[in-house]
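Welcome! Here is a short briefing on the aromatic rings of one protein model. Take a look at the sequence and structure first.

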Amino acid sequence: MTNLIRFLFVSTAGKTLNFYITTPDNETLGAWFVLSDTIYQMLPQDPFLVQPDETISYALSHTPTVLFLHGAGGTRTNNFRVQAYQAFSSRLSCNVFAIDYRGFGDSTGEPSQDGLVIDAYTAWSWLIENGAEPQDILIDGHSLGTGVASQLAKRLAEEHRTAGGNGVRPRGVLLHAPFSSAVTLAESYALFGLPILQPIQSFPLGVSE
């Protein structure tokens with residue numbers, strides 16, 4: 001499996017695999033892969049413990065996948081995000097691939113505009129390399145993630161044009177709680193009174209870009 005460094009744990013429900021992927025500039029990103037209920041119910045018990053590579057490849061080639069790009073607060077493990085993964089996997093029967101950007105959660109590095117877009121593109125590429133078809137991937141961004149999702153979509157659109165209309169195209173792009181500029185987001189967002197987004201105040205990541 002491309003860029004899979006090591007496994008950390010499989011959730012007690014057996015549907016979620018926690019692991020790391022690497023970016024082209026050698027940052028390490030924490031990631032979760034959540035199986036759709038449809039796939040999970042078809043496979044033997046504890047499929048990630050037995051054949052993790054084959055399980056992911058099978059799921060990607062047989063079921064649509066949501067590439068989840070989260071907002072500025074917290075990590076991929078936040079409870080309200082887990083609830084979103086559960087909704088996607090159970091109600092929509094989609095796999096979910098969620099990453100923590102560089103500088104977030106257990107990922108290495110420091111956040112930057114270019115870096116976050118590299119992280120998203122790395123996640124997209126990882127899905128393709130491991131069996132997903134572009135038209136089966138929905139890019140879902142929330143808050144800060146809407147800017148990242150928009151920039152990823154822009155890069156994919158540019159590749160599509162460069163390929164003469166024969167490039168890759170995602171199933172769609174879903175933006176939750178988009179913002180007009182990252183400057184406004186960075187100036188107004190704080191955690192326990194601390195301006196945690198100061199390092200990214202100059203990012204032109206808004207959807208208006």
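Are F68 and Y85 buried or exposed? Both F68 and Y85 are buried, where buried means under 20% relative accessible area, exposed over 50% and partly exposed in between, with a 1.4 Å probe and protein chains only. This is a predicted model, in which local features need pLDDT of at least 70, side-chain atom pairs count only at pLDDT 80 or more, and totals for chains, interfaces and linings use all residues. Residues are numbered from 1 along each chain as its sequence is written, and side-chain values use heavy atoms, leaving out hydrogens and water.

**Aromatic pairs**
- The structure holds 8 aromatic pairs; rings of Phe, Tyr and Trp (its six-membered ring) pair if their centres lie within 6.5 Å, and planes under 30 degrees apart count as stacked, over 60 as edge-to-face and the rest as tilted.
- W32 and Y85 make an edge-to-face pair, because their ring centres are 6.1 Å apart and their planes stand at 70 degrees.
- This pair links distant parts of the chain, 53 residues apart: W32 is in strand β3 (residues 28-34) and Y85 in helix α4 (residues 79-91).
- Helices (H or I, at least four residues) and strands (E, at least two) are DSSP runs, numbered from the N terminus.

**Around Y85**
- Y85 has 2% relative accessibility, so it counts as buried, and W32 counts as buried at 11%.
- F68 and Y85 also pair edge-to-face, with 5.3 Å from centre to centre and 85 degrees between the planes.
- F68 belongs to strand β4 (residues 65-69), 17 residues from Y85.

**A cluster**
- F19, F33, F97 and W126 form one aromatic cluster.
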